[in-house]
Amino acid sequence: MSRILKTGTNQITTKYSNSHQAVDLVKYKRQTDYILAHSDGKVSFVQTGRKNEKGSTGNRSYGNCIKIEHENGYSTLYAHLKEVYVSNGQTVTKGQTIGFMGNTGNSYGAHLHFEVRKDNKRIDPTPYLESDLPVSATNKITCEYRVWDNVRKEWLPKVKDTEDYAGILGHSIGGLQHITHGGGITKLRAHVLNGEWLDEVVDGGFEEGDNNYVGIKGKPIDGIAIWSEHGDATYRVHIKNGGWLPWIKGKYDIKNSNGYAGMLGKEIDAVECYIK
């Protein structure tokens, strides 16, 4: 599926070049489609009420269009729309429907004119049609996490993704707290020994409240699933009286044994995680 088309795959009709600093897209087999926001951001420019104006220049040539500002000086622009569903100043999330493909402005058929800009200079958007915008070195994605020790009946010290694992070998864990730094959110799920998968929890810091961790204190966990919005969550767990299981990378599928870390029926006593 496409990153910016709702129901289809990108079909490029005009490639990026020095004279056309964008890509023109349609849905596969030249069909039209709804347009999605590439990434989280804030709408900085909206133009509506435009008709087809072949030969027009400047902003008029974009027809109905939307510009969204993202982190690290990046922005995306979506032009020639038939319909616009957002307003100037609105905050949008990755994958949100923002408009519908059209034939407005300087256009010779219904399509999407898609631009990516860095510090307002147009760059080739092709590498980002299916991937995230770059994360700057000053905004590197990192994570911190800690586990609840069922033997000591307390939260163990926080661990950073550049350090070691969280847990004490031989002590089952009953909870996991996780926070991502540098943008985006992380979602967590846990499976309780001889129980079921618990409801999804979004990371939110290391307060002591009962609503910001996954697990049930005192009850061993035997499965963990982690998903990060920015970058792949790579993680593994250690089985009590056993060993480390293989790394899980970028998957979040509790119905598939390859989509979570753990071995149902076997207590987990340590977790190791990083974001890449």
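**Close-up views of a predicted model**

**View 1. W155 and Y213 are both buried.** Buried stands for under 20% relative accessible area, exposed for over 50%, and partly exposed for in between (1.4 Å probe, protein chains only). The model is predicted: local features need pLDDT of at least 70, side-chain atom pairs count only at pLDDT 80 or more, and totals for chains, interfaces and linings use all residues. Numbering starts from 1 along each chain as its sequence is written, and side-chain values use heavy atoms, without hydrogens and water.

**View 2. Eight aromatic pairs occur in the structure.** In W155 and Y213 the ring centres lie 5.3 Å apart with 80° between the planes, an edge-to-face pair. Rings of Phe, Tyr and Trp (its six-membered ring) pair if their centres lie within 6.5 Å; planes under 30 degrees apart are stacked, over 60 edge-to-face, the rest tilted. W155 belongs to strand β12 (residues 154-155), while Y213 sits in the loop between β17 (201-202) and β18 (214-215), 58 residues apart. Strands are DSSP runs of E with at least two residues, and helices are runs of H or I with at least four, numbered from the N terminus.

**View 3. W197 meets Y260 edge-to-face.** Their ring centres are 5.1 Å apart and the planes stand at 75°. W197 is in the loop between β16 (186-192) and β17, and Y260 in the loop between β21 (248-249) and β22 (261-262), so the pair ties together parts 63 residues apart in sequence. W197 is buried at 16% relative accessible area. Y260 is buried at 9%.

**View 4. Two charges sit over Trp rings.** K217 lies over the face of W148, 4.5 Å from the ring centre. The charged end of R236 is 4.4 Å from the centre of the W244 ring. The criterion is NZ of Lys or CZ of Arg within 6 Å of the ring centre and within 35 degrees of the ring normal.

**View 5. Strand β9 (residues 112-118) is largely enclosed by the rest of the structure.** Six of its seven residues are buried. Strand β2 (residues 23-27) pairs with β9 in the antiparallel sense over three bridges; a strand pair needs at least two DSSP bridges. Here D24 stands opposite H113. Strand β6 (residues 74-84) runs antiparallel to β9, with six bridges, and Y74 has K118 as its bridge partner.

**View 6. A hairpin joins β9 and β10.** Three bridges connect β9 to the antiparallel strand β10 (residues 121-123). K118 stands opposite K121. Two residues separate the strands, and D119 takes a positive phi near 50°.
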